[in-house]
Amino acid sequence: MPSSIAIHAAIFTAGAVVGGGIAAAVANRKGRPIQPLSVQTTDKGNQAVALTAPAGLPVLKYGNPGPIADPLVRKAYVAAYDRRLRHPAWTAEHLSLASLGKSALSNSLDPSESGDRTKSSFSEDLSIPAAFRARLQDYFRSGYDRGHMVPAADAKSSQEAMNETFLLSNIAPQVGDGFNRHYWAYLEDWCRRLTGTFQDVYVFTIPLYLPKLGPDGKWRVIHEVIGNPPNVAVPTHFAKVVLATRPSTPSTPHLSEVSTGAFVLPNSSIPDEAPLESFVTPVEAVERAAGLTLFSDEIKEAAKHICKTTKCQVIVRRFDDARKNGRQVKAITAPK
Ligand SMILES: *[C@@H]1O[C@H](CO)[C@@H](O)[C@H](O)[C@H]1NC(C)=O
Ligand SMILES: CC(=O)N[C@H]1CO[C@H](CO)[C@@H](O)[C@@H]1O
(Lines give C-alpha, C1' and ligand atoms only; values in the text may rest on other atoms or scores of the structure.)
(Ligands and ions follow the chains in the order given, each with its own letter.)
Protein backbone atom coordinates (compact mmCIF):
# COMPACT_ATOMS: atom_id res chain seq x y z
CA MET A 1 0.00 0.00 0.00
CA PRO A 2 1.51 3.35 -0.96
CA SER A 3 2.04 5.61 1.97
CA SER A 4 0.45 8.54 0.20
CA ILE A 5 -2.81 6.70 -0.21
CA ALA A 6 -5.90 8.88 -0.23
CA ILE A 7 -7.94 8.36 2.88
CA HIS A 8 -11.68 8.56 2.72
CA ALA A 9 -12.52 10.56 5.76
CA ALA A 10 -15.83 10.97 7.46
CA ILE A 11 -16.73 14.13 5.69
CA PHE A 12 -19.39 14.69 3.16
CA THR A 13 -21.01 17.60 1.50
CA ALA A 14 -24.64 16.78 2.01
CA GLY A 15 -24.70 16.29 5.73
CA ALA A 16 -23.66 19.75 6.62
CA VAL A 17 -26.24 21.26 4.37
CA VAL A 18 -29.47 21.06 6.25
CA GLY A 19 -28.19 21.38 9.77
CA GLY A 20 -25.16 23.58 9.55
CA GLY A 21 -25.90 25.13 6.20
CA ILE A 22 -28.97 27.04 7.19
CA ALA A 23 -27.82 30.59 6.70
CA ALA A 24 -29.80 33.23 8.42
CA ALA A 25 -29.23 36.76 9.49
CA VAL A 26 -28.88 37.02 13.20
CA ALA A 27 -31.61 38.23 15.43
CA ASN A 28 -30.89 38.33 19.11
CA ARG A 29 -34.32 38.66 20.58
CA LYS A 30 -36.60 35.70 21.18
CA GLY A 31 -39.24 35.41 18.54
CA ARG A 32 -37.96 38.30 16.48
CA PRO A 33 -38.33 37.85 12.71
CA ILE A 34 -35.14 36.93 10.97
CA GLN A 35 -33.99 36.95 7.39
CA PRO A 36 -35.25 34.20 5.11
CA LEU A 37 -33.54 30.91 5.58
CA SER A 38 -31.52 29.74 2.68
CA VAL A 39 -30.71 26.11 2.41
CA GLN A 40 -28.19 25.08 -0.15
CA THR A 41 -29.54 22.53 -2.54
CA THR A 42 -28.04 19.10 -2.61
CA ASP A 43 -28.46 18.17 -6.21
CA LYS A 44 -24.77 17.61 -6.67
CA GLY A 45 -25.21 13.88 -6.40
CA ASN A 46 -24.32 11.23 -3.95
CA GLN A 47 -20.64 11.99 -3.57
CA ALA A 48 -18.53 11.66 -0.51
CA VAL A 49 -15.62 14.01 -0.26
CA ALA A 50 -12.46 12.03 -0.21
CA LEU A 51 -9.85 13.70 1.93
CA THR A 52 -6.20 12.93 1.78
CA ALA A 53 -4.81 12.41 5.23
CA PRO A 54 -2.73 15.47 6.00
CA ALA A 55 0.93 14.93 5.28
CA GLY A 56 2.83 14.30 8.47
CA LEU A 57 0.38 11.90 10.07
CA PRO A 58 2.59 8.84 9.96
CA VAL A 59 0.26 7.05 12.37
CA LEU A 60 -2.31 6.84 9.58
CA LYS A 61 0.20 5.72 7.00
CA TYR A 62 -1.59 2.42 6.44
CA GLY A 63 -5.16 3.56 6.80
CA ASN A 64 -7.70 5.83 8.47
CA PRO A 65 -10.36 3.83 10.32
CA GLY A 66 -13.08 6.44 9.94
CA PRO A 67 -15.84 6.62 11.05
CA ILE A 68 -17.55 7.20 7.76
CA ALA A 69 -21.06 8.59 7.74
CA ASP A 70 -22.29 7.43 4.36
CA PRO A 71 -23.84 10.36 2.52
CA LEU A 72 -27.31 9.48 1.37
CA VAL A 73 -28.59 12.18 -0.97
CA ARG A 74 -31.95 11.09 -2.23
CA LYS A 75 -34.84 12.59 -4.19
CA ALA A 76 -36.95 13.34 -1.12
CA TYR A 77 -34.38 13.39 1.66
CA VAL A 78 -30.80 13.58 2.84
CA ALA A 79 -29.43 11.27 5.52
CA ALA A 80 -26.33 9.99 7.23
CA TYR A 81 -26.02 6.26 7.85
CA ASP A 82 -24.47 4.86 11.01
CA ARG A 83 -22.37 1.84 10.08
CA ARG A 84 -22.10 0.63 13.66
CA LEU A 85 -25.81 0.71 14.45
CA ARG A 86 -26.84 -0.07 10.85
CA HIS A 87 -29.62 2.44 10.64
CA PRO A 88 -29.62 6.17 9.88
CA ALA A 89 -27.79 8.50 12.27
CA TRP A 90 -30.30 11.09 11.11
CA THR A 91 -32.54 11.89 8.18
CA ALA A 92 -33.61 15.32 6.95
CA GLU A 93 -36.49 16.42 4.75
CA HIS A 94 -37.94 19.64 3.47
CA LEU A 95 -41.72 19.53 3.32
CA SER A 96 -43.97 22.06 1.64
CA LEU A 97 -47.38 22.00 0.01
CA ALA A 98 -45.62 21.63 -3.29
CA SER A 99 -43.46 18.71 -2.17
CA LEU A 100 -46.43 16.85 -0.76
CA GLY A 101 -49.22 17.61 -3.18
CA LYS A 102 -52.82 17.99 -2.16
CA SER A 103 -53.30 14.53 -0.77
CA ALA A 104 -51.12 15.47 2.16
CA LEU A 105 -53.82 17.73 3.52
CA SER A 106 -56.63 15.29 3.27
CA ASN A 107 -55.58 14.22 6.76
CA SER A 108 -55.55 10.67 5.69
CA LEU A 109 -53.14 8.04 6.83
CA ASP A 110 -54.92 5.38 4.87
CA PRO A 111 -52.20 3.41 3.14
CA SER A 112 -54.52 2.83 0.20
CA GLU A 113 -54.37 6.56 -0.55
CA SER A 114 -50.59 6.53 -0.68
CA GLY A 115 -51.25 4.62 -3.86
CA ASP A 116 -47.74 4.19 -5.06
CA ARG A 117 -46.38 2.67 -1.90
CA THR A 118 -47.83 -0.62 -2.99
CA LYS A 119 -45.37 -0.47 -5.86
CA SER A 120 -42.40 -0.12 -3.53
CA SER A 121 -40.75 -2.84 -1.53
CA PHE A 122 -38.07 -2.89 1.15
CA SER A 123 -34.60 -3.45 -0.17
CA GLU A 124 -31.04 -3.53 1.07
CA ASP A 125 -28.95 -0.48 0.24
CA LEU A 126 -26.17 -1.71 -2.00
CA SER A 127 -24.36 1.61 -1.67
CA ILE A 128 -23.44 0.60 1.90
CA PRO A 129 -20.50 -1.84 2.13
CA ALA A 130 -21.81 -5.38 2.74
CA ALA A 131 -20.18 -5.67 6.15
CA PHE A 132 -22.08 -2.65 7.44
CA ARG A 133 -25.33 -3.10 5.58
CA ALA A 134 -28.71 -3.69 7.25
CA ARG A 135 -30.16 -6.86 5.76
CA LEU A 136 -33.72 -7.94 5.09
CA GLN A 137 -33.10 -11.11 7.06
CA ASP A 138 -32.11 -9.07 10.14
CA TYR A 139 -35.66 -7.78 10.36
CA PHE A 140 -37.30 -11.04 9.40
CA ARG A 141 -39.17 -12.43 12.42
CA SER A 142 -37.42 -9.93 14.68
CA GLY A 143 -40.73 -8.81 16.13
CA TYR A 144 -40.04 -5.25 14.96
CA ASP A 145 -41.45 -3.26 12.10
CA ARG A 146 -39.15 -1.86 9.48
CA GLY A 147 -39.81 1.70 10.54
CA HIS A 148 -39.34 4.43 7.96
CA MET A 149 -37.30 7.38 9.24
CA VAL A 150 -38.41 9.41 6.21
CA PRO A 151 -42.02 8.30 5.76
CA ALA A 152 -43.07 6.96 2.38
CA ALA A 153 -45.99 9.39 2.39
CA ASP A 154 -43.53 12.30 2.35
CA ALA A 155 -42.09 11.04 -0.93
CA LYS A 156 -45.04 10.89 -3.28
CA SER A 157 -43.43 13.10 -5.89
CA SER A 158 -42.29 10.09 -7.90
CA GLN A 159 -42.09 6.35 -7.64
CA GLU A 160 -38.33 6.59 -7.51
CA ALA A 161 -38.51 9.03 -4.59
CA MET A 162 -40.86 6.71 -2.76
CA ASN A 163 -38.76 3.65 -3.53
CA GLU A 164 -35.78 5.35 -1.93
CA THR A 165 -37.62 5.58 1.38
CA PHE A 166 -37.85 1.76 1.37
CA LEU A 167 -34.08 1.30 1.35
CA LEU A 168 -33.01 -0.26 4.64
CA SER A 169 -30.59 2.66 5.09
CA ASN A 170 -33.74 4.73 5.81
CA ILE A 171 -35.15 2.16 8.21
CA ALA A 172 -34.78 1.40 11.91
CA PRO A 173 -36.46 -1.29 14.03
CA GLN A 174 -39.66 0.06 15.58
CA VAL A 175 -42.29 -1.46 17.79
CA GLY A 176 -45.24 -1.96 15.43
CA ASP A 177 -48.47 -1.91 17.38
CA GLY A 178 -49.04 1.35 19.22
CA PHE A 179 -45.91 2.90 17.78
CA ASN A 180 -44.91 2.63 14.12
CA ARG A 181 -48.46 1.86 13.03
CA HIS A 182 -50.08 4.32 15.39
CA TYR A 183 -48.60 7.13 17.47
CA TRP A 184 -45.46 7.53 15.38
CA ALA A 185 -47.61 7.63 12.25
CA TYR A 186 -49.79 10.32 13.86
CA LEU A 187 -46.66 12.36 14.51
CA GLU A 188 -45.54 11.97 10.90
CA ASP A 189 -48.98 13.12 9.82
CA TRP A 190 -48.75 16.13 12.13
CA CYS A 191 -45.43 17.08 10.50
CA ARG A 192 -47.05 16.93 7.06
CA ARG A 193 -50.01 19.01 8.22
CA LEU A 194 -47.62 21.74 9.33
CA THR A 195 -47.35 22.63 5.65
CA GLY A 196 -50.91 23.97 5.90
CA THR A 197 -49.73 26.60 8.40
CA PHE A 198 -46.11 27.13 7.44
CA GLN A 199 -44.46 27.78 4.12
CA ASP A 200 -41.46 25.55 4.68
CA VAL A 201 -41.09 22.68 7.10
CA TYR A 202 -37.80 20.93 7.82
CA VAL A 203 -37.98 17.60 9.60
CA PHE A 204 -35.13 15.70 11.20
CA THR A 205 -35.67 12.13 12.38
CA ILE A 206 -33.11 10.76 14.81
CA PRO A 207 -32.87 7.33 16.44
CA LEU A 208 -31.64 7.66 20.03
CA TYR A 209 -30.06 5.48 22.71
CA LEU A 210 -30.93 6.98 26.05
CA PRO A 211 -29.51 5.74 29.35
CA LYS A 212 -31.86 4.53 32.03
CA LEU A 213 -31.26 4.76 35.76
CA GLY A 214 -30.94 1.33 37.35
CA PRO A 215 -31.86 0.33 40.92
CA ASP A 216 -28.16 0.49 41.78
CA GLY A 217 -28.08 4.18 40.92
CA LYS A 218 -26.07 3.70 37.73
CA TRP A 219 -27.10 4.76 34.23
CA ARG A 220 -27.05 2.20 31.47
CA VAL A 221 -28.06 2.05 27.84
CA ILE A 222 -29.72 -1.27 27.17
CA HIS A 223 -30.91 -2.13 23.70
CA GLU A 224 -31.53 -5.15 21.58
CA VAL A 225 -29.64 -6.02 18.42
CA ILE A 226 -31.57 -7.92 15.77
CA GLY A 227 -30.32 -10.40 13.19
CA ASN A 228 -28.41 -13.62 13.47
CA PRO A 229 -25.54 -12.91 13.83
CA PRO A 230 -26.73 -9.73 15.54
CA ASN A 231 -26.52 -6.82 13.16
CA VAL A 232 -29.04 -3.97 13.48
CA ALA A 233 -29.40 -2.06 16.75
CA VAL A 234 -32.87 -1.29 18.15
CA PRO A 235 -33.11 2.34 19.31
CA THR A 236 -34.64 3.05 22.71
CA HIS A 237 -36.19 6.29 21.47
CA PHE A 238 -36.87 8.25 18.31
CA ALA A 239 -36.79 12.02 17.94
CA LYS A 240 -38.56 14.23 15.43
CA VAL A 241 -37.17 17.73 15.34
CA VAL A 242 -38.98 20.27 13.21
CA LEU A 243 -38.18 23.76 12.03
CA ALA A 244 -40.98 25.62 10.29
CA THR A 245 -40.98 29.05 8.70
CA ARG A 246 -43.54 31.49 7.38
CA PRO A 247 -43.53 35.18 6.53
CA SER A 248 -43.59 37.13 9.79
CA THR A 249 -46.22 39.55 8.50
CA PRO A 250 -47.88 40.04 5.10
CA SER A 251 -46.07 43.37 4.74
CA THR A 252 -42.66 41.84 5.43
CA PRO A 253 -42.77 38.61 3.44
CA HIS A 254 -38.97 38.57 3.21
CA LEU A 255 -38.69 38.20 6.99
CA SER A 256 -39.32 34.71 8.29
CA GLU A 257 -40.85 33.75 11.57
CA VAL A 258 -39.07 30.59 12.67
CA SER A 259 -40.57 27.93 14.91
CA THR A 260 -38.80 24.88 16.23
CA GLY A 261 -39.74 21.92 18.35
CA ALA A 262 -38.35 18.53 19.32
CA PHE A 263 -40.33 15.46 20.31
CA VAL A 264 -38.74 12.36 21.82
CA LEU A 265 -40.82 9.20 21.87
CA PRO A 266 -39.95 5.86 23.49
CA ASN A 267 -39.76 2.87 21.16
CA SER A 268 -42.80 1.28 22.71
CA SER A 269 -46.55 1.24 22.44
CA ILE A 270 -47.90 4.72 23.21
CA PRO A 271 -51.56 5.22 24.11
CA ASP A 272 -53.57 7.22 21.58
CA GLU A 273 -54.56 9.54 24.40
CA ALA A 274 -51.00 10.68 25.14
CA PRO A 275 -50.78 14.41 24.43
CA LEU A 276 -48.15 15.31 21.83
CA GLU A 277 -46.91 18.05 24.16
CA SER A 278 -45.91 15.43 26.70
CA PHE A 279 -43.06 14.42 24.35
CA VAL A 280 -41.66 17.92 23.95
CA THR A 281 -37.92 18.01 24.68
CA PRO A 282 -35.42 20.86 24.32
CA VAL A 283 -33.65 20.74 20.96
CA GLU A 284 -30.35 20.96 22.86
CA ALA A 285 -31.17 17.77 24.76
CA VAL A 286 -31.67 15.90 21.49
CA GLU A 287 -28.44 17.33 20.16
CA ARG A 288 -26.52 16.22 23.24
CA ALA A 289 -28.04 12.76 23.24
CA ALA A 290 -27.40 12.24 19.54
CA GLY A 291 -24.04 14.00 19.31
CA LEU A 292 -25.42 16.17 16.53
CA THR A 293 -25.76 19.89 15.92
CA LEU A 294 -29.15 20.58 14.41
CA PHE A 295 -29.52 24.36 14.52
CA SER A 296 -27.17 27.26 14.96
CA ASP A 297 -27.28 29.36 18.13
CA GLU A 298 -28.79 32.16 16.07
CA ILE A 299 -31.71 29.97 15.02
CA LYS A 300 -32.18 28.71 18.56
CA GLU A 301 -32.30 32.23 19.93
CA ALA A 302 -34.64 33.57 17.28
CA ALA A 303 -37.04 30.65 17.10
CA LYS A 304 -40.38 30.41 18.85
CA HIS A 305 -41.56 27.09 20.17
CA ILE A 306 -43.75 25.43 17.60
CA CYS A 307 -46.40 24.56 20.19
CA LYS A 308 -46.85 28.34 20.60
CA THR A 309 -47.24 29.04 16.90
CA THR A 310 -49.44 26.08 16.01
CA LYS A 311 -51.38 23.36 17.75
CA CYS A 312 -49.29 20.45 18.97
CA GLN A 313 -51.96 17.86 18.61
CA VAL A 314 -52.08 14.61 16.71
CA ILE A 315 -55.07 13.19 14.92
CA VAL A 316 -55.71 9.64 15.97
CA ARG A 317 -56.63 7.31 13.19
CA ARG A 318 -56.91 3.62 13.65
CA PHE A 319 -57.51 2.16 10.23
CA ASP A 320 -57.24 -1.40 11.29
CA ASP A 321 -59.74 -0.75 14.06
CA ALA A 322 -61.75 1.75 12.07
CA ARG A 323 -62.24 -0.72 9.31
CA LYS A 324 -63.39 -3.33 11.76
CA ASN A 325 -65.53 -1.15 13.99
CA GLY A 326 -66.33 1.84 11.81
CA ARG A 327 -64.90 3.97 14.58
CA GLN A 328 -64.76 7.71 14.11
CA VAL A 329 -61.65 9.78 14.04
CA LYS A 330 -61.04 11.66 17.24
CA ALA A 331 -58.65 14.44 18.01
CA ILE A 332 -56.73 14.47 21.25
CA THR A 333 -56.16 17.88 22.73
CA ALA A 334 -53.23 18.53 24.96
CA PRO A 335 -54.28 19.59 28.45
CA LYS A 336 -53.16 23.11 29.25
C1 LIG B 1 -39.78 0.77 -7.41
O2 LIG B 1 -39.62 -0.46 -6.75
C3 LIG B 1 -40.33 -1.51 -7.39
C4 LIG B 1 -40.28 -2.73 -6.50
O5 LIG B 1 -39.31 -2.69 -5.55
C6 LIG B 1 -39.75 -1.74 -8.74
O7 LIG B 1 -40.43 -2.80 -9.39
C8 LIG B 1 -39.89 -0.48 -9.55
O9 LIG B 1 -39.26 -0.64 -10.80
C10 LIG B 1 -39.27 0.69 -8.82
N11 LIG B 1 -39.59 1.89 -9.54
C12 LIG B 1 -38.72 2.88 -9.74
C13 LIG B 1 -39.19 4.02 -10.55
O14 LIG B 1 -37.57 2.85 -9.32
C1 LIG C 1 -38.17 -2.57 21.81
C2 LIG C 1 -37.57 -1.70 22.82
O3 LIG C 1 -36.38 -1.72 23.11
N4 LIG C 1 -38.40 -0.90 23.40
C5 LIG C 1 -37.94 0.06 24.32
C6 LIG C 1 -38.09 1.42 23.69
O7 LIG C 1 -37.65 2.35 24.65
C8 LIG C 1 -38.36 2.35 25.86
C9 LIG C 1 -37.75 3.41 26.72
O10 LIG C 1 -36.41 3.15 26.95
C11 LIG C 1 -38.31 1.02 26.54
O12 LIG C 1 -39.16 1.03 27.65
C13 LIG C 1 -38.75 -0.05 25.57
O14 LIG C 1 -38.59 -1.30 26.14
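Colleague: How many helices and strands does the protein chain have?
Modeller: The protein chain has nine helices and 16 strands, taken as DSSP runs numbered from the N terminus (helices H or I, at least four residues; strands E, at least two). This is a predicted model, where local features need pLDDT of at least 70, side-chain atom pairs count only at pLDDT 80 or more, and totals for chains, interfaces and linings use all residues. Residues are numbered from 1 along each chain as its sequence is written, with chains lettered from A and ligands numbered from 1 in the order in which they are written.

Colleague: Which residue does UniProt list for "active site"?
Modeller: H148, according to an unreviewed UniProt entry. Such annotations may be inferred rather than shown by experiment.

Colleague: Where is H148 found?
Modeller: In strand β4, residues 145-148.

Colleague: Is H148 buried or exposed?
Modeller: H148 is buried, because 25 other C-beta atoms lie within 10 Å. Buried means 20 or more such atoms within 10 Å, exposed 12 or fewer, and partly exposed in between, with C-beta atoms placed from the backbone.

Colleague: And what is H148 in contact with, leaving aside neighbours within four places in sequence?
Modeller: T165, N170 and I171; contact means C-beta atoms, placed from the backbone, within 7 Å.

Colleague: New topic. Which residues are around ligand 1?
Modeller: K119, S120, S121, Q159, E160 and N163, each with its C-beta atom, placed from the backbone, within 6 Å of the ligand.

Colleague: And what surrounds ligand 2?
Modeller: Ten names there: V175, K212, H223, E224, V234, T236, H237, P266, N267 and S268.

Conventions
Contact = placed C-beta atoms within 7 Å.
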